Amino acid sequence: PRAPPPPPGPPPSRSEGCDSDLLDPRAEAARLCTVRRLGADFAVACGGWLSRKSAYAHYEAWLWAARADASSSGASPVPVLPQQPAAAADELLLGRLAAAGAPAAEATTIVASMRHALERAAAADAAATSTPPSTIPILSPALA
């Protein structure tokens with residue numbers, strides 16, 4: 001007769017192969033706030049040309065395009081807010097603004113401002129994830 005199979009080992013840890021800041025709830029909360037703020041900035045900057053109703057769909061497409069270089073390089077995990085946004089994001093937004101009738105100069109200004117906003121957001125995210133967890137508030141002081 002065959003021996004019974006060995007008992008299963010403990011399940012793999014959720015943190016195996018992950019950076020610790022990816023699992024830190026405070027860092028994730030800070031990242032979510034940063035992404036939401038960037039989305040609101042996008043809606044304001046592009047809202048005159050891209051419909052407010054679909055502004056977040058345009059925002060998501062733009063943010064995915066900004067991550068294209070990191071994604072194609074095989075980086076794992078691909079950062080939500082890339083330090084070096086891909087040029088594809090600029091091209092995508094410029095094309096969508098032009099298709100909506102934005103003058104070239106205004107579209108170029110909007111694209112440049114959103115690239116700068118994304119770079120600032122990525123820097124803020126990097127600073128938040130490098131801050132020791134004990135110094136990152138979970139709630140705003142008004143809610144605590």
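This is a predicted model: local features need pLDDT of at least 70, side-chain atom pairs count only at pLDDT 80 or more; totals for chains, interfaces and linings use all residues.
I take helices (H or I, at least four residues) and strands (E, at least two) as DSSP runs, numbered from the N terminus. Residues are numbered from 1 along each chain as its sequence is written, and side-chain values use heavy atoms, with hydrogens and water left out.

**Entry: helix α6**

I looked up α6 first. The helix covers residues 104-130, 27 residues in total. From first C-alpha to last I get 39 Å, close to the 39 Å expected. The expected span is 1.5 Å times one less than the number of residues.

Next I checked burial. I call a residue buried under 20% relative accessible area, exposed over 50%, and partly exposed in between (1.4 Å probe, protein chains only). The buried residues of α6 include Ala107, Ile110, Val111, Met114 and Arg115. Asp125 and Ala128 are also among them. Their cover includes α2 (25-46), α3 (55-66) and α5 (87-99).

**Entry: Asp125**

Asp125 sits in helix α6. Is Asp125 buried or exposed? I count Asp125 as buried because its relative accessibility is 9%. Contact here means heavy atoms within 4.5 Å. Not counting residues up to four places away in sequence, Asp125 touches Arg31 and Leu81.

**Entry: the core**

I define a nonpolar core as a set of buried Ala, Val, Leu, Ile, Met, Phe, Trp, Tyr and Cys residues joined through side-chain atoms within 4.5 Å. The largest one holds 23 residues. Which residues touch the most other members? They are Leu38, Trp62, Leu93 and Leu97. At least two residues of this core come from each of α2, α3, α5 and α6. With 8 residues, α6 gives the most.

I then listed the contacts of Leu38, setting aside neighbours within four places in sequence. They are Tyr59, Trp62, Leu63, Leu81, Met114, Ala117, Leu118 and Ala121.

**Entry: Val80**

Val80 lies in the loop between α4 (68-72) and α5. I count Val80 as partly exposed because its relative accessibility is 34%. With neighbours within four places in sequence left aside, Val80 contacts Arg31, Val35, Leu63 and Arg67. I also checked Val80 against Ala70: 10 residues apart in sequence, 9.9 Å apart C-alpha to C-alpha.

**Entry: cysteines**

A disulfide is a pair of cysteine sulfur atoms within 2.5 Å. I count 0 disulfides by this rule. Cys33 is partly exposed, because its relative accessibility is 42%. Cys46 is buried, because its value is 1%.
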